[in-house]
Amino acid sequence: MATAAPPDSAPVNPAHTDADRGVFAAPLAWLRKKPALLAQLRGFARVAVICTVISMTIFTALRPAMGTQWANTISLVLCSVLNTDLNRRMSFGLRTRHLWWRDQRRGLGVMFLALVMTAGSLWVLHRVSPGASIAVELAVIVLGNVASAVTRFVLLRYWVFRRVRHGAGTKNAGA
């Protein structure tokens, strides 16, 4: 006597493999198992968009009077304070003022990575194309910031805000 397959079973397509799902399938599956890390990455991405828009606005406003390198430096330093504060709240869930100054000092240290990458990129750009437009300069700065973002996240997670990973993040209020 033949039995029929249950109605809810889907036919198997041997030609369709896990590789067809794309190169991000395995990392995404791993990331879904780490909800705290996923939430931190989402917050970090939001902060990155906000701070990039603000930094580019400051750069564009300062560039005519101060030149490319100074405008870049000032916009990154100013946005670093905002970036660190927003990452404290949105990425790592720190809502108190406890260790705020220390976090800011460390955040400025991390910001120097982006400054070195963007300043170096602008220097190379101006050697290759001395008359580059502001749009090209902005693109180079954004690419430099994107390139440093992975390292920035790792440093924020494992150095600046490591106490969050160890359960001491929001227990202390005060200074």
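Biologist: Is Glu 137 buried or exposed?

Modeller: Glu 137 is buried, at a relative accessible area of 0%. Buried here means under 20% relative accessible area, exposed means over 50%, and partly exposed is in between, with a 1.4 Å probe and protein chains only. One caution: this is a predicted model, where local features need pLDDT of at least 70 and side-chain atom pairs count only at pLDDT 80 or more, while totals for chains, interfaces and linings use all residues. Residues are numbered from 1 along each chain as its sequence is written, and side-chain values use heavy atoms, with hydrogens and water left out.

Biologist: Fine. Which side chain meets Glu 137 in a salt bridge?

Modeller: Arg 63 does, with N to O at 2.4 Å. To count as a salt bridge, a side-chain nitrogen of Lys or Arg has to be within 4 Å of a carboxyl oxygen of Asp or Glu.

Biologist: And where do Glu 137 and Arg 63 lie?

Modeller: Glu 137 is in helix α5 and Arg 63 is in helix α2 (residues 35-66), so the pair ties together parts that are 74 residues apart in sequence. Helices are DSSP runs of H or I with at least four residues, strands are runs of E with at least two, and both are numbered from the N terminus. Arg 63 counts as partly exposed, at 24% relative accessibility.

Biologist: What polar contact does the side chain of Thr 68 make?

Modeller: The side chain of Thr 68 makes one with the side chain of Glu 137, at 3.2 Å. A polar contact is a pair of N or O atoms within 3.5 Å; within protein, one must be able to donate a hydrogen and the other to accept it, and residues adjacent in sequence count only if both atoms are side-chain atoms. Thr 68 lies in helix α3 and is buried, with a relative accessible area of 11%.

Biologist: Zooming out, how many helices and strands are there in the protein?

Modeller: There are 6 helices and 0 strands. Along the sequence the pattern reads α-α-α-α-α-α. Of the 175 residues in the protein, 32% are buried.

Biologist: How do α4 and α5 cross?

Modeller: The axes of helix α4 (residues 100-128) and helix α5 (residues 134-160) come within 8 Å and cross at roughly 150°. That makes α4 roughly antiparallel to α5. For the terms, angles under 35 degrees count as roughly parallel, over 145 as roughly antiparallel, 65 to 115 as roughly perpendicular and the rest as oblique. The axes are lines fitted to C-alpha atoms, for helices over the stretch in contact, and angles run from 0 to 180 degrees between N-to-C directions.

Biologist: Which hand is the crossing of α4 and α5, and what residues are in the contact?

Modeller: The crossing of α4 and α5 is right-handed. The contact of α4 with α5 has 14 nonpolar, 8 polar and 5 charged residues. Ala, Val, Leu, Ile, Met, Phe, Trp, Tyr, Cys and Pro count as nonpolar, Asp, Glu, Lys and Arg as charged, and the others, Gly among them, as polar.

Biologist: What about α3 and α4?

Modeller: The axes of α3 and α4 come within 8 Å and cross at roughly 145°, and α3 passes α4 in a right-handed crossing. The contact of α3 with α4 has 11 nonpolar, 10 polar and 3 charged residues.

Biologist: Back to charges. How many salt bridges are there?

Modeller: The count comes to 4 salt bridges. One of them joins the side chains of Arg 89 and Asp 85, at 3.2 Å from N to O. Both lie in helix α3 (residues 68-91), 4 residues apart, about one turn of the helix. Arg 89 is partly exposed at 37%, whereas Asp 85 is buried at 16%.

Biologist: Last one: what is the phi of Leu 99?

Modeller: Leu 99 has a positive phi of about 65° although it is not a glycine. Most residues other than glycine have a negative phi. Leu 99 sits in the loop between α3 and α4 and is partly exposed, at 28%.

Note on methods:
A crossing is left-handed if the near helix is turned anticlockwise from the far one by less than a right angle, and right-handed if clockwise.
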